[in-house]
Amino acid sequence: MENTTAKQLLTGGYCNSLDEYSRFITREVKIGDVPMGGNNPIRIQSMTTTDTMDTIGTVEQTIRMVESGCEYVRITAPSMKEAENLAQIKKELRYRGYNVPLVADIHFTPNAAESAARIVEKVRINPGNYADKKRFENIDYTTDAYNAELSRIYKKFAPLVKICKEYGTAMRIGTNHGSLSDRIMSQYGDTPRGMVESAMEFIRICEDLNYYNLVISMKASNTQVMVQAYRLLVETMVKEGMNYPLHLGVTEAGDGEDGRIKSAVGIGTLLEDGLGDTIRVSLTEDPEFEAPVAKALADRYSKRKQQTTSPVEISALKDLPYSPYAYSRRNTHAVQHIGGHFHPVVMLDVSGKNLKDPFFLKEAGYNYQAILDKYNMADQACDLVYLGDELPSFSFPGNLSQIYNYGTWNKLNNKQNCFPLFTLDEYLDNSIHDSLLNLVSVNAADYDLSKLKALDETAVIILESSAADHMTVQRSFFTSLLNAGLTFPVIINRSYPIIDAETLQLYAATDLGALFTDGFGDGVWLNASEDISLSLLNSTSFGILQATRTRISKTEYISCPSCGRTLFDLQETTQQIRSRTDHLKGIKIGIMGCIVNGPGEMADADYGYVGTGPGKITLYRGKEVVKKNVDSANALDDLIGLIKEDGNWIETREIH
């Protein structure tokens, strides 16, 4: 597909189309022998965690990363000595037969960037701390003072640009949400627009110097901010006649299931928009585990055909009834505890379970105590269960709604806390409804709007899809509801019958995360094959809501993936902190290996645990330093003490 800037402008600027998958075609950038952008595949990359001065260790880790799927490898160069040692690393890699393009990661040190640009295929600079000031001071800049700063930055940045031009080196201008300069903060605040303008200033300098070998990123640990910033970036570039490749990533995503779901929400939402030319998934794990996750996300789109016609019409971006650049939850009326001001609900299908055994409900967040004949409810306890036509032989928890197919529900003698699921035609053809709550199944690709208008105030829509591009069609449905002024709550139902557990998590986080990020959805209902456990479907559902910031059900860890600058074992430390704080529902804890990824990069974390020297930790409350140079042996206890001091600590309770 050719780059049709006119079409992009017609639809508002940030993507080609909202009603069909259409990749936003960018400028091709040469990075060694692996070009990016244009019609090239979405490239996979990651970053080493070794000390850059450890040549052999870095080389061997780089090889493991390449073997796991990395097409570019980034290595930190915090000072001149590391930048110069990149030559030895590259030499050893080439000697061993690996020609993978190398990327130097630069913060604060222009001289290291200029040295590295003569050695590696690409350098990454952060506009917030490359030749710019980041002291977290509230400074009001006059127009003259602002322009004077831009002039100073031009002079500091121009030498690197000229070296990159001379050596054919590519550059990534990588903005981070939490490390915007004081100057940008004073003008735009801590916003997606500020992130965009931070990058655009450096892009304009590059273009003024006739240098175009650029890749751009807008990373944040908050997926809503990250998605909004990338969309605003593309809109801004299009208006200025630019189409540079995009490097996608959610920074400090964390580890395990949480890190994968959070990464998929942010990266997947943009891939659905047709945006993205390279992916780095940032996990607090060894880097060779990152590439397969990124590849699984990218491969889904390499296999997707670009449609030429749409099954559902949707307005151009300029006519949308919602803003894709700022989060606002779709306005709905409440039906029982669904919609309105209530947080999104989680629904699970338990019709295939042993309905003579209440203990299976532990997978759904309800722990049955046989002696007391009662349930203990976990923080991640689902809100509704679907039983279809099956009847249990025990009493369900009183706050767990039971959903039956209409015919079965209608025959129940006791309908207490039991509610029907209709097809749309069933609902309209039958006069017997529940007085409080009725679920109505609707296919997003095949429905009659006039029939939806005939539903009453007790209806909640279960939104299904049989189309190839489920998310796009379901998003179109929400747009139709907005345009028609219909405020029914909607539970999004998605089925993944033939994929494994980790792939399901990535796909579901993409598909549902993209909708919740735009403010759509009042509930989640995931279905999968029998070999996928109920507990995984439950945790994935809650994980998606947590990652989109629409329902907080557990502690959030904003932990960096480690690199050569890290001053302690991030994986071990993260697990230690998690083991003692994972019961603090709603608290966000930033765990950073060094000051580069320190108070700014933690963005909106409530507390920060940051390495500041060998064996030394600095603790933060938000972006405020509370304790400096704490011995690492005492740092976790001091962090807990700080949380207690603020009244945010709760004692763990034993779950029986």
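Here are a few questions and answers about cysteines and charged pairs in this predicted model.

Q: How many disulfides does a search of the whole structure find?
A: A disulfide is a covalent bond between the sulfur atoms of two cysteines. To count here, two cysteine sulfurs must lie within 2.5 Å. Take C164: its closest cysteine sulfur, in C206, is 8.1 Å away, which is too far for a bond. Searching the whole structure gives a count of zero.

Q: Is C164 buried or exposed?
A: A residue counts as buried when its relative accessible area is under 20%. For C164 that area is 1%, so C164 is buried.

Q: Which residue forms a salt bridge with R96?
A: Side chains of opposite charge can pair when their charged atoms come close. R96 sits in the loop between α3 and β3, and its partner lies 36 residues apart from it, in helix α2. The closest N and O atoms of the pair are 3.9 Å apart, and the cut-off is 4 Å. The partner is E60.

Q: Which strand holds the partner of D631 in its salt bridge?
A: The side chains of D631 and K616 meet with 2.4 Å from N to O. D631 belongs to strand β23, and K616, 15 residues apart from it, belongs to strand β22.

Q: Is E645 exposed or buried?
A: E645, in helix α18, pairs with R621 of strand β22, at 3.6 Å from N to O. R621 is partly exposed at 26% relative accessibility. E645 has 62%, and over 50% counts as exposed, so E645 is exposed.

How values were computed
Residues numbered from 1 in each chain as written. Predicted model: local features only at pLDDT ≥ 70, side-chain atom pairs only at ≥ 80, totals over all residues. Heavy atoms only, no water. Buried < 20%, exposed > 50% of the residue type's maximum accessible area, 1.4 Å probe, protein only. Helix = DSSP H or I, 4+ residues; strand = E, 2+ residues; numbered from the N terminus.
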